[in-house]
Amino acid sequence: MAAVNLIGTYNYALVALSVLIAMFASYAALDLAGRVTVAGGWTRAVWLLGGASAMGTGIWSMHYIGMLAFILPIPVAYHWPTVLLSLFAAILASVVALSVVSRQKMGWFRAFAGSVLMGVGIASMHYIGMAAMRLPAICQFKSVLVVLSVVFAVLISLAALWITFHFRDEKTGIGWEKLTGAVVMGAAIPIMHYTGMAAASFTPSGMPMDLSHAVNISTLGTGGIAAVTFIVLGLALLTSSVDRRLAAHTLELQEEKLQQSEAYLAEAQRLSHTGSFGWKPSTGEIIWSEETFRIFQYDRSTKPSVELVLQRVHPDDATVVRQTIERAAQDGKDFDIGHRLLVPDGGVKHVHVVAHAERDESGELEFVGAVMDTTETKRAEESLRRSEGYLAEAQRLSHTGSWASIPAMGEIRYFSEECYRVLGFDPHGGQPRYETFSQRVHPDDQAKLTEAVETAGREDAEFELDYRFVRPGGEIRDIHVLGHPVLNSSGGPVEFIGTVMDITERKRAEALRDGESRILEMIARDAPLEETLEKLVVVVEAQFAGLLCSVLLLDEDGQHARHGAAPSLPGAYTKAIDGLCIGPKAGSCGTAMYRRKPVVVTDILQDPLWEAYRDVAEPQGFRACWSTPIVAHSGKTLGSFAMYYREPRSPSLAETRALELATHLAGIAIERKLAREERERLRQAQADLSRVNRVTTMGELTASLAHEVNQPIAAASTNANTCLRWLAGDTPDIEEARAAAMRIVKDSKRAAEIINRIRQLFKKGTSQRELVDVNEIIQDMAVLLRGETTRFDILVATDLAADLPQVMADRVQLQQVLMNLMINGIEAMKDADGARELAIRSQQTENEQLLISVSDTGMGLPSQQTDQIFNAFFTTKPHGTGMGLRISRTIVESHGGRLWAADNSPRGASFCFMLPTKVEAPE
C-alpha cells in the first residue's frame with residue numbers, strides 16, 4: 001500500500017507574525033544600512049556586525065516562526081544546534097547585504113554578486129532550519145520548487161539590496177519612503193520561505209526518531225521568540241536612532257565647521273588669488289571654486305569646460321596648454337604649467353596651474369588641482385629682475401661689488417657678479433675660500449686689511465680702507481672696501497656685509513690730475529720745454545706697469561722728427577729714430593704725424609708700418625706702440641706722443657685717455673714755447689718800430705732841438721766872456737767872476753740834460769719798467785718841445801695835480817706817447833687862426849688811476865673818421881706815416897691803460913689816457 005503524504009495546515013496568525021517580523025527586519029536593515037554607510041574605521045565594523053546580527057536575527061525569526069506556523073498531524077521537535085546554525089547562516093547573509101549596500105557606489109556586478117551570496121545564505125538558512133526538524137516522517141523536496149525558492153531568494157535579495165542602497169540615506173529615506181520600502185521588502189522576503197515550504201512533503205515513517213538535543217516549541221516559546229526578535233530589532237533601531245541624533249548633531253557641528261572652513265578657504269583663495277578645480281577627463285566634467293571663476297573672469301552660472309578654458313588662454317600659449325591637457329588625460333599623470341590668460345578687457349594675466357591625478361573607487365581618472373593668479377608675482381618678479389638688472393648695471397658702471405662674509409669663521413657667503421669681476425674670481429667656480437681671497441691681497445697690504453677686519457669684529461664696528469689686490473694674471477688693482485656688521489639677538493656679529501669698489505681708475509685719474517697740475521704749473525712759469533716734456537712722460541709712465549713713453553717734435557721743415565723727451569727709452573733707440581722722416585710707413589710716430597691721426601700698432605713684428613724700423617725696435621724688445629699726433633689749434637702738426645710695451649697688446653680705455661691727456665698737455669707746452677718765441681719776436685718788432693717812430697719824429701724836430709741846445713751854449717759862452725772880463729781888470733772882481741762861473745755850470749748842465757733826453761729817445765734797448773713820476777715826464781717833454789711851441793707861437797699850459805702816486809712804467813715809452821700827442825697838437829694849431837694853446841693836465845680819478853689829457857685848439861678831429869685815427873697807417877698829415885697814434889695806444893694798453901680821443905670845447909681835439917697805479921701792467 002503506497003505511503004500517503006501528510007497534509008499540513010498553517011496558523012495564519014503566525015504567518016502574519018512572520019511577515020510582520022520580515023517587514024520590521026527590513027526597516028531595521030534600511031536604517032542600519034545608513035549607519036554602516038556613514039560610519040568609518042572600527043565604528044563601521046561594529047555597526048556592520050551589530051546590524052548584521054540584528055538583521056539576521058529578524059530574518060531567522062521570520063523563517064522560524066513561519067516554520068512553526070506550519071502544522072502537521074504529527075509531533076515535531078527541533079534540533080537546537082542545527083537551529084543555531086541556521087541563525088548563523090542568516091547573520092552571515094546579513095553581513096554580505098550590509099557590506100554591499102554600505103558602499104559609496106554599487107555597480108551591477110557588485111549588486112548581482114551580493115544578491116547571489118545573500119540569496120544563497122537565506123536559502124541555506126531555510127533548508128538548514130528544515131533539517132533541524134525532528135518528526136516521525138520522511139521529508140522530501142520537489143527539485144523544481146527548491147530551485148525556484150533559491151531563485152526567489154536571489155531575486156528578492158537583489159531587490160532588497162537595491163531598495164536598501166537607495167533608501168539608506170537618512171536624509172532622503174526618512175518617513176514614508178523608508179517605511180514603504182520596508183513593507184515591500186518585508187512582504188517579498190517570506191515568498192522565498194513559503195516557496196521552500198511548498199517544496200517539502202512529509203510521509204509517515206515507522207522509524208524511531210532521534211530526539212537528542214531536540215526541543216519542542218510551545219506557544220509560549222513561539223511568543224518568546226517573537227518577543228526576543230522584536231526586542232533585538234527594537235534595540236537596534238533605538239541604538240541607530242540615538243546614534244543618528246548624535247551623528248546629526250555632530251554633523252551639524254561639522255557642517256558649521258565645514259562652512260566656516262569653506263569660508264576661510266574661499267577668503268584664503270581670494271587673498272592668495274588661488275582657485276581650486278576638479279576635472280574628470282572621461283566625462284569632461286569640471287568643477288571650479290569661486291576664485292577660479294574670478295580668475296578666469298567667467299560668471300558663476302557658466303558651466304566650465306576644457307574649451308572654455310582654452311578660450312581664455314593667450315594665443316601664444318594655447319598650443320602648449322592644449323598639448324599639456326591632452327597628455328595629462330592620456331597618461332593620467334600630474335601636470336604643472338604656467339601660462340597667460342587673455343581676459344575680456346584686453347588685459348593679460350599670468351597663471352600657474354598644478355594638478356594631481358588620482359582614481360576613484362571605480363578606477364575612473366580625475367584631477368584635483370589649483371590655479372594661481374601669478375600676475376602680481378610676475379610683475380614683482382619682473383620689477384625685481386629689473387631692479388637687480390639696474391643694480392648689476394649700476395655696480396658694473398661704478399665698478400662696485402657687494403659681498404657678505406663671516407671673517408671670524410673664515411667664510412665668504414656671498415659675492416655679487418661685479419664682486420667676482422672686480423676681484424678677478426671665476427663666478428662659475430663657486431664662492432672663493434676666505435684663505436684664497438686673503439692670499440691675493442697685496443703682500444704689503446695684508447697686515448693692514450687683517451688688522452682692520454679683526455678690530456671691526458672685536459668692536460662690532462664698521463671698517464673702511466683701501467688696499468691693493470693681485471688678480472690671477474698678476475694685474476694689481478686698487479680696491480676700496482666698506483664693511484658693516486650685522487648683529488644677532490645676543491649682540492654678537494653674525495656676518496659682515498659690504499662693498500668693494502675698484503678705484504684703480506680713480507687713483508690713476510687722481511695721479512694724472514696731480515701730474516697735469518704740475519705740468520700746467522711748469523708751463524705757466526715758462527719752464528724749459530725739454531724739462532716739461534720729460535716730467536710729462538714720467539707722470540704717464542707711472543700709471544701703467546711696463547709702459548714706456550716718448551715725445552717727438554716735428555722739425556720746422558715739417559718732414560723730420562726730432563727727439564723731444566724719452567727718459568726711459570734706451571739711448572741707442574732714441575738716437576736711431578732722431579731725425580726720422582715722416583711718411584705713410586714710418587712706424588707709429590712718423591705715420592701718426594704724416595696722417596695727423598692716431599696710429600695703434602699692437603704687434604711691431606707683424607705690422608707693415610714698422611717694416612723699415614723693425615730692426616731698430618726688435619733688439620729693444622718693443623712689441624706694441626701707440627702714437628697720437630700733437631696738433632696745434634691752427635691745425636699744424638707739432639709732434640707726437642707715443643706709448644711702448646714689450647708685449648703685443650691693444651690699448652685699454654684708461655691708456656687711451658692717458659694718451660689723449662698727455663698729447664693735449666704736450667701740445668699746450670709746445671704751443672706755449674712757440675707763442676713765447678713769437679711774442680718775443682713781436683715785441684722786438686714793436687720796439688724797433690717804436691724807435692723808428694721816435695727817430696723819425698726827432699728828425700722832424702732837428703731845428704727846434706738845435707735851438708734848444710744852442711741857447712744854454714750861447715748863454716755859457718756869454719757868461720764865460722763876462723767872467724774873463726771880471727778877472728782881467730786891474731782889480732779882479734772875484735765874486736762877480738764866481739757868479740759868472742756858476743751861471744756857466746748851470747748852462748752847461750742844462751745843455752747836457754737836453755742832450756741826454758734826446759739820446760734816450762734815440763737809444764735802442766729792451767723795455768725797462770720802474771716807478772716813474774708822470775708830472776716829471778710831462779715837464780721834461782714840455783721843455784724838450786719848447787722850441788716848436790715858441791716857433792709857432794703856441795702857449796703851453798700845464799695843470800698838474802700835486803702828490804700824484806708813481807706808476808710802474810717804461811719812462812722812454814711814456815715820453816714817446818706824450819711827445820706824439822703834443823706834436824700832433826702843435827701841428828694841428830700851427831696854421832690855425834686865433835689863440836693857440838696846448839693844455840696838459842694830470843689828475844687822479846676815483847678808481848685810483850692817473851688821467852693825463854693833451855688838448856689843443858686846432859682844427860679838431862676829422863669828421864666821420866674819428867674811429868679810424870688809431871688804425872695803423874691812417875693819417876691826415878701830408879707826409880705822416882699813420883703809426884704814431886697806433887703805437888701810442890699799443891704802449892698805453894701794454895701798461896694796462898686806455899687811450900682815446902674826443903672833441904675839445906670850443907674847438908680843437910683832446911687826447912686822454914689812463915694808467916693804473918696799483919696793478920702792475922704785464923710785459
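A cavity is, on a 1 Å grid over the protein atoms alone, a set of points where a 1.4 Å probe fits but cannot get out, and its lining residues have an atom within 4 Å of a point. The legends below describe a predicted model, in which local features need pLDDT of at least 70 and side-chain atom pairs count only at pLDDT 80 or more, whereas totals for chains, interfaces and linings use all residues. Residues are numbered from 1 along each chain as its sequence is written, and side-chain values use heavy atoms, with hydrogens and water left out.

Figure 1. The structure holds 8 cavities of 30 Å³ or more; for each, grid points are joined across faces, edges and corners, and the volume is the space filled by probe spheres set on the points. Two or more lining residues come from each of β8 (274–280), β9 (285–288), α8 (290–296), α9 (306–312), α10 (315–331) and β10 (335–342). Helices (H or I, at least four residues) and strands (E, at least two) are DSSP runs, numbered from the N terminus. Strand β10 supplies the largest share of this lining, 3 residues. By class, the lining of the largest cavity comprises 13 nonpolar residues, 2 polar residues and no charged residues. Here Ala, Val, Leu, Ile, Met, Phe, Trp, Tyr, Cys and Pro count as nonpolar, Asp, Glu, Lys and Arg as charged, and the others, Gly among them, as polar.

**Figure 2. The second largest cavity.** This cavity has a volume of about 180 Å³. Its lining has 15 residues, of which Trp403, Ser405, Tyr434, Phe437 and Val481 are the closest to the centre. The elements giving two or more residues to this lining are β13 (400–406), β14 (411–415), α12 (417–423), α13 (434–440), α14 (443–459) and β15 (463–470). The lining of the second largest cavity divides into 14 nonpolar residues, 1 polar residue and no charged residues.

Figure 3. Rings of Phe, Tyr and Trp (its six-membered ring) pair if their centres lie within 6.5 Å; planes under 30 degrees apart count as stacked, over 60 as edge-to-face and the rest as tilted. The count by this rule is 16 aromatic pairs. One of them joins Trp288 and Phe293 in an edge-to-face arrangement, with 5.1 Å centre to centre and 75° between the planes. Trp288 is buried, at 9% relative accessible area, and Phe293 is buried as well, at 6%. Buried means under 20% relative accessible area, exposed over 50%, and partly exposed in between (1.4 Å probe, protein chains only). Phe415, Tyr420, Phe425, Tyr434, Phe437 and Phe469 form one aromatic cluster.

**Figure 4. Arginine side chains over aromatic rings.** A charge sits over a ring if NZ of Lys or CZ of Arg is within 6 Å of the ring centre and within 35 degrees of the ring normal. The charged end of Arg312 is placed over the ring of Tyr298, 4.0 Å from the ring centre. Arg898 lies over the face of Trp900, with 4.2 Å to the ring centre.

Figure 5. Most residues other than glycine have a negative phi, and most peptide bonds are trans. The peptide bond from Ser905 to Pro906 is cis, with omega near 5°; Pro906 belongs to the loop between β28 (898–903) and β29 (909–916). Asp460, in the loop between α14 and β15, has a positive phi near 50°. Asp460 is partly exposed, with a relative accessible area of 31%. Asp793 has a positive phi near 55° and is found in the loop between α24 (786–791) and β24 (795–800). At 62% relative accessibility, Asp793 counts as exposed.

**Figure 6. The surroundings of Gly621.** Gly621 occupies the loop between α19 (614–617) and β21 (624–631). With 25% relative accessibility, Gly621 counts as partly exposed. Gly621 and Arg646 are 25 residues apart along the chain, and their C-alpha atoms are separated by 5.5 Å.

**Figure 7. Two cysteines.** A disulfide is a pair of cysteine sulfur atoms within 2.5 Å, and a search of the whole structure finds 0 disulfides. Cys581 is partly exposed at 39% relative accessibility, whereas Cys912 is buried at 11%.

Key
1 Å grid on protein atoms, 1.4 Å probe; cavity = no way out; pocket = protein on both sides within 12 Å on 5 of 7 lines; lining within 4 Å.
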